[in-house]
Amino acid sequence: MSWQAKRYHDISCGHRVVGHEGKCRHLHGHNYRVHFTCEADELDNLGRVIDFSEIKSKLCMWLEENWDHKMLLWEHDPVANVLVDNTTGTGDGTTLGDGIVLVPFNPTAENVAQHLVLVVGPQQLKGTGIKLRHCEVEETRKCSAVYTLRPQKNDFGQIER
């Protein structure tokens with residue numbers, strides 16, 4: 001049996017979806033709501049999966065520091081190269097390239113959720129014994145994408161969490 005603790009966090013950031021057939025091929029942004037579901041096989045000595053403030057400090061603050069009020073662009077997006085290399089001043093001490101975050105995936109909600117579960121979660125939760133099992137990324141209140149880490153089988157065919 002496993003236990004789960006959930007917390008969500010809101011960020012604002014932009015992106016564009018390379019190859020999209022509609023409006024999402026243009027630069028645009030969302031007020032994202034990201035739901036994290038953390039899992040443990042056992043509760044700690046206080047009866048918790050993880051303190052909710054730890055989810056905030058390890059996962060929510062990662063979002064704040066890395067993606068909030070930034071533009072997520074796929075590293076292979078031709079627009080990304082133009083913006084990142086642009087050193088034109090904006091009048092406030094920044095350049096057009098500031099605030100661009102290159103990511104190794106086309107930044108759909110599905111790919112963002114998968115990246116958070118497979119890359120960010122293990123990095124941020126290392127040493128805690130907790131796994132980020134599930135992530136839901138809401139682009140709007142009507143539309144979201146979910147990625148769930150599937151349990152793995154060991155060499156003996158037993159499910160490992």
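This is a predicted model: local features need pLDDT of at least 70, side-chain atom pairs count only at pLDDT 80 or more; totals for chains, interfaces and linings use all residues.
So, cavities: searching the whole structure turns up 1 cavity of 30 Å³ or more. By cavity I mean a set of points, on a 1 Å grid over the protein atoms alone, where a 1.4 Å probe fits but cannot get out.

Residues are numbered from 1 along each chain as its sequence is written, and side-chain values use heavy atoms, with hydrogens and water left out.

Who lines that cavity? Ile11, Cys13, Tyr32, Val34, Trp67, Leu72, Val112 and Val137 do, lining meaning an atom within 4 Å of a point. Strands β1 and β2 each supply at least two of the lining residues. Strands here are DSSP E runs of at least two residues, and helices are H or I runs of at least four, numbered from the N terminus.

Now the largest nonpolar core. It has 33 residues, and Phe36, Trp67, Leu116 and Val137 have the most contacts inside it. A core, for us, is a set of buried Ala, Val, Leu, Ile, Met, Phe, Trp, Tyr and Cys residues joined through side-chain atoms within 4.5 Å. Buried is under 20% relative accessible area, exposed is over 50%, and partly exposed is in between, with a 1.4 Å probe and protein chains only. Helix α3 gives the most to this core, 7 residues.

Next, the strands. Which way do β1 (3-15) and β2 (28-40) pair? They run antiparallel, over 13 bridges; pairing takes at least two DSSP bridges between the strands. Ala5, for one, has Cys38 in β2 as its bridge partner.

One residue I like in β5 (131-138) is Arg133. Is the Arg133 residue buried or exposed? Buried, at a relative accessible area of 6%. Its side chain makes a polar contact with the Glu39 side chain at 2.7 Å. That term means N or O atoms within 3.5 Å; within protein, one must be able to donate a hydrogen and the other to accept it, and residues adjacent in sequence count only if both are side-chain atoms.

How values were computed. On a 1 Å grid over the protein atoms alone, a cavity is a set of points where a 1.4 Å probe fits but cannot get out, and a pocket is an open set with protein on both sides within 12 Å along at least five of seven lines; lining residues have an atom within 4 Å of a point. Grid points are joined across faces, edges and corners, and a volume is the space filled by probe spheres set on the points.
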